[in-house]
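Open the model in your viewer and keep the sequence panel beside it. This tour goes from one selection to the next and says what is there.

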Amino acid sequence: MAEETIFSKIINGDIPADILYQNDVCICIKDINPQAPTHVLVIPRKPIPRLVDASEEDKALLGHLMLSVGEIAKQLGVEDAFRVVINNGEDAGQTVFHLHLHLLANTKFSEGSLGM
Ligand code: AMP
């Protein structure tokens, strides 16, 4: 069995965290090392290691995550300008192998590009 990640430990309550939002599918916490004034992580309760590891049976979960991001953006008051990032794989910058979406806002994004 794959080793438990820090996010599973937070979800299971083994490590304390400031949970900003939660529902039956996911939780949302502040990123410990924010890359923008608003930087939160939306993490499914189900421990899928990478986006590419999601399967047909995760279709509803993936849709739910997207809707949750929109809901969280509204709750944070950033619904008019935010960015969602998923890093898939070590070479893409993934460090925690439990699928999560970064929601970034309140920063100046480069126009017409991915800002990279
Ligand atoms: P990634 O590099 O896409 O795998 O993103 C992992 C993110 O998790 C990074 O932005 C880290 O700063 C963040 N992170 C790691 N540990 C914690 C933690 N205990 N609480 C909140 N964020 C964390």
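**First stop: a histidine and a serine**

Select His-98 and Ser-8 and show their side chains: the two side chains make a polar contact, at 3.3 Å. Bear in mind that this is a predicted model.

His-98 belongs to the loop that runs between β4 (82–85) and β5 (101–105). Is His-98 buried or exposed? Its relative accessibility is 0%, and buried means under 20%, so His-98 counts as buried.

**Second stop: the ligand**

Now select the ligand and the residues around it. How many residues surround the ligand? There are 15, and the closest are Asp-31, Asn-87, Gly-93, Thr-95 and His-102. By type, the shell around the ligand is made up of 6 nonpolar, 7 polar and 2 charged residues.

- Thr-95: a backbone N or O atom lies 2.7 Å from an oxygen atom of the ligand.
- Gly-93: a backbone N or O atom lies 2.8 Å from an oxygen atom of the ligand.
- Ile-32: here the ligand atom is a nitrogen, 3.1 Å from a backbone N or O atom.

Taken alone, the ligand exposes 510 Å², and the protein buries 83% of that.

**Last stop: the pocket**

Hide the ligand and look at the space it takes: this is the largest pocket. Then colour α1 (6–11) and β2 (26–30), the elements that each give two or more residues to the shell around the ligand.

Conventions
Residues numbered from 1 in each chain as written. Predicted model: local features only at pLDDT ≥ 70, side-chain atom pairs only at ≥ 80, totals over all residues. Heavy atoms only, no water. Near = heavy atom within 4 Å. Polar contact = N/O pair within 3.5 Å; in protein donor to acceptor, adjacent residues only side chain to side chain. Areas by Shrake-Rupley, 256 points an atom, 1.4 Å probe, with all protein chains shown as cover. 1 Å grid on protein atoms, 1.4 Å probe; cavity = no way out; pocket = protein on both sides within 12 Å on 5 of 7 lines; lining within 4 Å. Sits in = over half its atoms within 2 Å of the grid points. Helix = DSSP H or I, 4+ residues; strand = E, 2+ residues; numbered from the N terminus. Nonpolar A, V, L, I, M, F, W, Y, C, P; charged D, E, K, R; others polar. Buried < 20%, exposed > 50% of the residue type's maximum accessible area, 1.4 Å probe, protein only.
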